[in-house]
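Here is a short report on backbone exceptions and one surface feature. Look at the chain and the model before reading on.

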Amino acid sequence: MLQISYFPEPGQVLHQGNASLRGMLTHVLEGQDSNITILQLQALQEPQRWEHTKESVQLYLEQFAGFVQQVHQERGLAFPLTIRCFLGCELLPEGSGAHTFFEVSVNGSAFVSFQPETALWVAGPQVHSRVINYSLTQLNTYNRTRYEVQDFLQNTCVQYVKEHSAINVKGSQTGRSYTPLILGIIVGSFIIAAVAVGIFLCTGGHLC
């Protein structure tokens, strides 16, 4: 999964994002401000549930943009600002486990990433700074940003990939009803990333 939010100036944001399953693109989103198009490219959800999912994602994106605007009014930020989140899971060959990842960057620089094995956030490869150290302290304090993220990646995401391995590209399913986990992952990633990025923004928007 990939999500990018670009703020060229205060009060304006362009969103792009997508999700894929075993190399097949399944969802995309793109738009500016509140005019956002979210598409399900494969029939993984029935229409009624899909409409509800779209509404949830659109609501979050509006809240996310509003949050950035509020922080700018209170603290002042340097624009343009680009926030990038990249996360997912990949099954390893012959049932030998899974590789999971969650990375957040700000303005092209690695910010923080999540280590599922220890349920800890760690700094990117850049030199540690007061902003990074403060952010890590906050992210590693709460169960929501540690163990819920760990469960999300190691269990929810992995189980979704396993269950949907039998779905063909036309969207037919075998035997059971599948929950909308990919979009759940999208919403979850936005929420969790907002915590990390929010901490960054509240310190003034600079890696000092």
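## Backbone exceptions and a surface patch

D33 counts as partly exposed because its relative accessibility is 32%, where partly exposed lies between buried (under 20% relative accessible area) and exposed (over 50%), with a 1.4 Å probe and protein chains only. The model is predicted: local features need pLDDT of at least 70, side-chain atom pairs count only at pLDDT 80 or more, and totals for chains, interfaces and linings use all residues. Residues are numbered from 1 along each chain as its sequence is written, and side-chain values use heavy atoms, without hydrogens and water.

D33 is not a glycine, yet its phi is positive. N107 is also a non-glycine residue with a positive phi. Most residues other than glycine have a negative phi, and most peptide bonds are trans.

| Residue | Phi | Loop between | Relative accessibility |
|---|---|---|---|
| D33 | about 55° | β3 (24–32) and β4 (35–40) | 32% |
| N107 | about 55° | β6 (98–106) and β7 (109–115) | 41% |

Helices (H or I, at least four residues) and strands (E, at least two) are DSSP runs, numbered from the N terminus.

The peptide bond between F79 and P80 is cis, with omega about 5°. P80 sits in the loop between α1 (47–75) and β5 (81–91).

On the surface, L25, L39 and L41 make up a nonpolar patch. Together they have about 240 Å² of accessible area, by the Shrake-Rupley method with a 1.4 Å probe, where for residues only the protein chains shown count as cover. Patch residues have over 30% relative accessible area and no salt bridge; like charges are joined within 9 Å, nonpolar side chains (Val, Leu, Ile, Met, Phe, Trp, Tyr) within 5 Å. A salt bridge puts a side-chain nitrogen of Lys or Arg within 4 Å of a carboxyl oxygen of Asp or Glu. L25 belongs to strand β3. At 38% relative accessibility, L25 is partly exposed.
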